[in-house]
Amino acid sequence: MVLGSIALLCAYRFKPSFVKKAAVPLLVFSLCLLVMVFIPQIGVTGGGARRWIRLWPTTFQPSELVKLAMVIFLAKYMSMPDYNTEKFSSFVKPIIVMAVSRPFS
């Protein structure tokens, strides 16, 4: 609960413009973490699946970060001025991004 409260206070201080700028780098970083899970020295196997990265006191599941990064990215994408709900390409681009990240999670 303490860590969640600290994270809440930190997130509260972020300006929307910073979150908008960080959307794509955060998504790329989270996808890199997903790939790192498959490196034997980094990824941890549990229950027959390799889904975690060992951090000193605990483990971390990168797919959780991808979920957050994808929501931030889609919010940024849909708020762009050239986003048009009438165009098919506006629908296909985010689907492609999600399809690329899905095989790793």
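Predicted model: local features only at pLDDT ≥ 70, side-chain atom pairs only at ≥ 80, totals over all residues.

**Exercise 1.** Is Tyr83 buried, partly exposed or exposed?

Residues are numbered from 1 along each chain as its sequence is written, and side-chain values use heavy atoms, with hydrogens and water left out.

*Solution.* Start with the cut-offs: buried means under 20% relative accessible area, exposed means over 50%, and partly exposed is in between (1.4 Å probe, protein chains only). Tyr83 has 24% relative accessibility, so it counts as partly exposed. Now try Tyr77: its relative accessible area is 11%, so that one is buried.

**Exercise 2.** Work out which rings make up the aromatic cluster with Tyr77 and Tyr83.

*Solution.* Step one is the rule: rings of Phe, Tyr and Trp (its six-membered ring) pair if their centres lie within 6.5 Å; planes under 30 degrees apart are stacked, over 60 edge-to-face, and the rest tilted. Searching the whole structure gives four aromatic pairs. One of them is Phe73 with Tyr77, which is stacked, at 6.3 Å centre to centre and 20° between the planes. These two sit four residues apart in helix H3 (residues 62-78), so about one helical turn separates them. (Helices are DSSP runs of H or I with at least four residues, numbered from the N terminus.) Next, Tyr77 and Tyr83 pair edge-to-face, with 5.5 Å between centres and 75° between planes. Put together, Phe73, Tyr77 and Tyr83 form one aromatic cluster.

**Exercise 3.** Find the residues of the largest nonpolar core.

*Solution.* You're after buried Ala, Val, Leu, Ile, Met, Phe, Trp, Tyr and Cys residues joined through side-chain atoms within 4.5 Å. The largest such core has five: Leu27, Ala69, Met70, Phe73 and Leu74. H3 supplies the largest share of this core, four residues. Leu27 touches Ala69, Met70, Phe73 and Val97 (contact means heavy atoms within 4.5 Å), leaving aside residues up to four places away in sequence.

**Exercise 4.** Where is Lys93, and how far is Lys93 from Gly43?

*Solution.* Then check accessibility: Lys93 is partly exposed at 48%, and Ile95 is partly exposed at 40%. Finally, the distance: Lys93 and Gly43 are 50 residues apart in sequence and 30 Å apart in space, C-alpha to C-alpha.
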